[in-house]
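Hi,

Here is the structure I promised to pass on. Have a look at it first, and my notes on what turned up follow below.

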Amino acid sequence: MPWFRIDDGFAGSRQVLSIPKRQRAAAVGFWTLAGSWCARELTDGVVPDYMVSELSGTAKLADALVAAGLWERCPGGFVFAQWSKYNPTAEQVRSDRQASAVRQRRRRRRADGTYDGAAADETKPTVTSGAAELSRRDTSVSHGGSHGVSHGGSASTPTRPDPTNKERDRGGNGAEARATTIPDDWTPTPEVASRMASEHPGINQEMELAKFRDYWAGVGGSRGRKKNWDATFRNWIRNAAQYQAERKPAGRRVIAGGRWEE
């Protein structure tokens, strides 16, 4: 379970003190609830518009957080400033969970006497990370550093093509995958596009893809670099579908292309 991390100097920070006193407690409370929700839902710090009231917030409180530099505006909502600097990304959390699941399987094999070292090595993930650190129940956490994933891997045979090259080029989860900014002409794989169209037929994927490219092209720093753009796009489409469902007028249904029909 990921944690939403708050520095022990947050209360006296320039950002918090810049919020007017009459709004400060409510704004910080709203900010904290939103951070906890983002950590649980693995949104990488994105707070959709439809969640503002659900998290006991208001438009004025959201504007106060933006003015203080704690949030930034993004298409369809808001996003925490420097989320990945202080919190694990969704990709890091999933990698940790995968590594933990593999370790659990290996421990069960040893316990029942059927442990097979070779079989366990085959299932060992190529990404290692600080799973223990991310799950540590320490209430006095700080923003003293980032919690990323470390990547290991074995040398490939020179005469054989590296099977991770294609995945690495797309920013996938290969052993040597590196975070990259989004290419100008980026498109999801046909498999991802087909899956999203099947799962969310009411979403105009062509329009969402254009919004997706424009948004991430304007995000700088480490937050604008991803190791798996397909996974990020899947989350974008799912968030768009959830937002559309929340604002759909009563008595109407969504049809292909994002339109409503009586």
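The side chains of D44 and K226 form a salt bridge, with N and O 3.4 Å apart; the term means a side-chain nitrogen of Lys or Arg within 4 Å of a carboxyl oxygen of Asp or Glu. D44 sits in the loop between α2 and β1, while K226 is in the loop between α10 (205-217) and α11 (229-247), so this pair ties together parts that are 182 residues apart in sequence. Both partners are buried: D44 has 16% relative accessibility and K226 has 8%. For that label I used under 20% relative accessible area, with over 50% for exposed and partly exposed in between (1.4 Å probe, protein chains only).

Before you go further, keep in mind that this is a predicted model, where local features need pLDDT of at least 70, side-chain atom pairs count only at pLDDT 80 or more, and totals for chains, interfaces and linings use all residues. Residues are numbered from 1 along each chain as its sequence is written, and side-chain values use heavy atoms, leaving out hydrogens and water.

Back to the salt bridges: the structure holds 6 of them. Among them is D63 with R73, whose closest N and O atoms are 2.4 Å apart. Helices (H or I, at least four residues) and strands (E, at least two) are DSSP runs, numbered from the N terminus. D63 is partly exposed at 36% relative accessibility, whereas R73 is exposed at 52%.

Another one joins K211 and E208, at 3.2 Å from N to O. Both residues belong to helix α10 and are 3 residues apart, about one turn of the helix. Here K211 is partly exposed at 35% and E208 is buried at 8%.

D44 has something else to show. Its phi is near 60°, a positive value in a residue other than glycine. L42, in the loop between α2 and β1 (46-48), also has a positive phi, near 55°. L42 is buried too, at 12% relative accessibility. For background, most residues other than glycine have a negative phi.

Now the inside. Which residues touch the most other members of the largest nonpolar core? They are F30, W31, V47, L65, W71 and F80, out of 27 residues in that core. At least two core residues come from each of α2 (21-41), α3 (59-68) and β3 (77-80), and α2 gives the largest share, 8 residues. By nonpolar core I mean a set of buried Ala, Val, Leu, Ile, Met, Phe, Trp, Tyr and Cys residues joined through side-chain atoms within 4.5 Å.

On the surface, R103, R105, R107 and R108 gather in a patch of positive charge. Patch residues have over 30% relative accessible area and no salt bridge, and like charges are joined within 9 Å, while nonpolar side chains (Val, Leu, Ile, Met, Phe, Trp, Tyr) are joined within 5 Å. R103 is part of helix α5 (residues 90-111) and is partly exposed, with a relative accessible area of 37%.

A197 is in helix α9 (residues 190-199) and counts as partly exposed at 38% relative accessibility.

Cheers

How values were computed. Accessible areas come from the Shrake-Rupley method with a 1.4 Å probe; for residues, only the protein chains shown count as cover. Lys and Arg count as positive and Asp and Glu as negative; His and the chain ends are not counted. The place of a charge is taken as NZ of Lys, CZ of Arg, CG of Asp or CD of Glu.
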